[in-house]
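Here is a short report on one protein chain. Start with the overall picture, then follow a pair of packed helices.

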Amino acid sequence: MSRTTALIPQLTAVPRFRFVSGLFAVATWRQFAFHAAHLPIAIGAVTWFALAIAVGVPSAVTWFGLVVTAFLVGGSAWFAAVTRRMSAALLGQEVVAPTIRPRRGGPLAWATTRLTDGSTWRAFAYLLVGFVVTTASFAVSVAVLVSALGALSHSIWGRFLPEQTGSDGLRHRGAQFLGVFVDTVPLQIAFAAVGLVVLVAVWPAVNHGLGSLQRAVIRSMLGADLRQRRLAEVTASRDAAVVDADSTLRRIERELHDGTQARLVGLAMTLGDARDRLQSNQDADGSGVEALVAQAHASTKEALVELRALARGIHPPVLDEGLEAGLASACSRAPFPVTLHVDLPVRPSPVVEGIAYFGVLELLTNVSKHAGATVATVDVALAGPELVVTVADDGAGGAHVSLPLPDGQGTGLAGLLERLRAVDGTLAVQSPTGGPTTIRMAMPSGTTT
């Protein structure tokens, strides 16, 4: 269960900063790589911005010039797309691209549509803003990093600096720090200690702050607005619900066909054989018919067991007694101790109870298979209009929401996320490497009195 993951498709894993291990964290160096790798993109972007202003503004007075201006302004989408991909890869933030209104009519209609689209102008403004932010971020991060490394290695390169006359009238060879020449062993040790502190604590914190600034600017200027994100979320929820319903129906059909139906066919054949023996008087003492009836009876009981198991997968009967009873049953079957706390003054809706129940089952199964945990806790409570379910364990951590399969189906936590989306719920995952793991599901309770 890994980093914090939001439901809106803007998602992802914003890296958590830790002072102790910040220098050695992969996220720190990925953020620094973004500042460096995005710099040439930003330079190209601001060049395109200048070209669009220089060519587009004077030529916009004619209809042909308006089309050229729309092309130049709309070209910001190319830089925006590259930046969003780099943000996902290096900053740990997936940004949903805004929806561009479809083209209607001829070139002039296309130009008008493009030039009246708000997301186009936000992306165009980012050409300049992104250049300023990226250039400043790269310059500040490199300056702090180089200063730290320079202080650490001063005893090596300081001896090659030219001699200077200090305020004490003596000749010194070395860098000046706070007006003092670092040219003695104690001063060099102190200077190296300062460099070590800057390298281990200051530079990672500065780099993390600059990365957070980059994420905020990219999200606000290159991402879909709230209405578009909400529409994308609803669309994804609808598609996920349709896929989930289809897969459930296919699973039921497969299990009925391969299991119960085959067993019932065998039962019918057994009973038919018994009937034929009775009609033809082939079994005078009745021992053969008795054996066939016993076999049919056993097959009937096995078919009933399979049908009950299939029905339990659709709606567990234990949920008829309430969510607490269902979760108590689920926790008792875990191969490790699970502490359950339930505080529900009113009962959630049956749909929400089912999602919470199967969600806890999924999480406890993940803990059993992957976490290597010794204990776990499940907390269920109402927080205003929401049902909040929190599952925590002391396992190895490192869990995350995996990408969905090509057919739209999620696996593991991704599947749980899709089920929560269907009821406008959210999923938050905190699972640093080494643990512990905390996963929080929140969904509208739909409470009944």
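Buried means under 20% relative accessible area, exposed over 50%, and partly exposed in between, with a 1.4 Å probe and protein chains only. By that rule, 39% of the 449 residues in the protein chain are buried. This is a predicted model: local features need pLDDT of at least 70, side-chain atom pairs count only at pLDDT 80 or more, and totals for chains, interfaces and linings use all residues. Residues are numbered from 1 along each chain as its sequence is written, and side-chain values use heavy atoms, leaving out hydrogens and water.

The protein chain holds 12 helices and 9 strands. These are DSSP runs, numbered from the N terminus: helices are H or I with at least four residues, strands E with at least two.

| Helix | Residues |
|---|---|
| H1 | 26–59 |
| H2 | 63–74 |
| H3 | 76–91 |
| H7 | 185–222 |

How do H1 and H7 pack, and at what angle? Their axes lie 9 Å apart, at an angle of about 60°. Axes are lines fitted to C-alpha atoms, for helices over the stretch in contact, and angles run from 0 to 180 degrees between N-to-C directions. Contact means heavy atoms within 4.5 Å. Residues of H1 that meet H7 include Trp-29 and Phe-32. On the H7 side, Trp-203 and Arg-215 are among them.

Now H3. Its buried residues include Phe-79, Met-86 and Leu-91. The buried residues of H3 pack against H1, H2, H5 and H7. Just after H3, Gly-92 has a positive phi of about 70°.
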